Amino acid sequence: MTSAVGYAATQIALRYGARVIATTGTTHADALRGLGAEVTGYGEGIAERVRELAGGPVALAFDAAPVSNSLPEIVRTVANPEDALTMSDFATAQELGVRFQSGEEGHEYHHHVLGEYGRMAADGHFSIPLAGTYPLEQWREAAELSMSGKPGRKLALQVR
Ligand SMILES: NC(=O)c1ccc[n+]([C@@H]2O[C@H](COP(=O)([O-])OP(=O)(O)OC[C@H]3O[C@@H](n4cnc5c(N)ncnc54)[C@H](OP(=O)(O)O)[C@@H]3O)[C@@H](O)[C@H]2O)c1
């Protein structure tokens, strides 16, 4: 389910040899296909489209979309609710028995891989879609835009 975080997750899953079906809009569709994912649109009928592509339920579903009432559909792509994980729709997750990653204390993090993915990004083997790059001196402007809550505001600060 492809926002910026989903875009990153797609690359990680492909790197580990998984077959990836990404449900996404037009913004990232071509880039995701280029990476090797199969792509279908989000919105009504997600479960049917994904199951048809997969030939049945998928092994794991990762909901990285902004909250959009799509979690009940996403759950229908897997055999059991605990095979789905959301990082945005925590209220529905608790109703449906879906796992969730809220970013709060007590959740497992794998910070030790950040260096590895940073090196891969420097070598051109990993990327995040960026809305813009700012010189370090303009950090305040970048922070305000990043915190504005508008979608797709992934920015990089350039340290000279
Ligand atoms: N739990 C945590 O630790 C954690 C950490 C980071 C973010 N989050 C949450 O995760 C969610 C995503 O964050 P983000 O920063 O990655 O978002 P983002 O990149 O700003 O999301 C915007 C993108 O999501 C796509 N999108 C919108 N609705 C969708 C849907 N129903 N299915 C699939 N794609 C959809 C849009 O595609 P189109 O433009 O093509 O329409 C758009 O490109 C947010 O709710 C955020 O709060 C949680």
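I looked up the largest nonpolar core in this predicted model. It has 12 residues: Ile21, Ile46, Val50, Val58, Ala61, Leu71, Ile74, Val75, Val78, Ala84, Ala93 and Val98. I took a nonpolar core as a set of buried Ala, Val, Leu, Ile, Met, Phe, Trp, Tyr and Cys residues joined through side-chain atoms within 4.5 Å. Buried means under 20% relative accessible area, exposed over 50%, and partly exposed in between (1.4 Å probe, protein chains only). Helices α3 (46-54) and α4 (71-75) each supply at least two residues of this core. Helix α4 gives the most, with 3 residues. Apart from this core lies another, of 7 residues, including Val20, Ala22, Ala29 and Ala37.

A note on the ground rules: residues are numbered from 1 along each chain as its sequence is written, and side-chain values use heavy atoms, with hydrogens and water left out. Because the model is predicted, local features need pLDDT of at least 70 and side-chain atom pairs count only at pLDDT 80 or more, while totals for chains, interfaces and linings use all residues.

Next I checked helices α1 (residues 4-15) and α2 (residues 26-35). Helices (H or I, at least four residues) and strands (E, at least two) are DSSP runs, numbered from the N terminus. The two axes come within 11 Å and cross at roughly 10°. Axes are lines fitted to C-alpha atoms, for helices over the stretch in contact, and angles run from 0 to 180 degrees between N-to-C directions. That makes α1 roughly parallel to α2 (angles under 35 degrees count as such). Tyr7, Thr10, Gln11 and Leu14 of α1 make the contact (heavy atoms within 4.5 Å) with His28, Ala31, Leu32 and Leu35 of α2.

Then I went through the salt bridges (a side-chain nitrogen of Lys or Arg within 4 Å of a carboxyl oxygen of Asp or Glu). The structure holds 5. Glu116 pairs with Arg15, the closest N and O atoms being 2.8 Å apart. Glu116 lies in helix α6 (residues 114-122) and Arg15 in α1, so the pair ties together parts 101 residues apart in sequence. Glu116 is partly exposed at 29% relative accessibility, and Arg15 is partly exposed at 41%.

Glu38 bridges to Arg19, with the closest N and O atoms 2.7 Å apart. Glu38 lies in strand β2 (residues 38-41) and Arg19 in the loop between α1 and β1 (21-24), so this pair ties together parts 19 residues apart in sequence. I also noted that Arg19 is exposed, at 51%.

Conventions:
Parallel < 35°, antiparallel > 145°, perpendicular 65-115°, else oblique.
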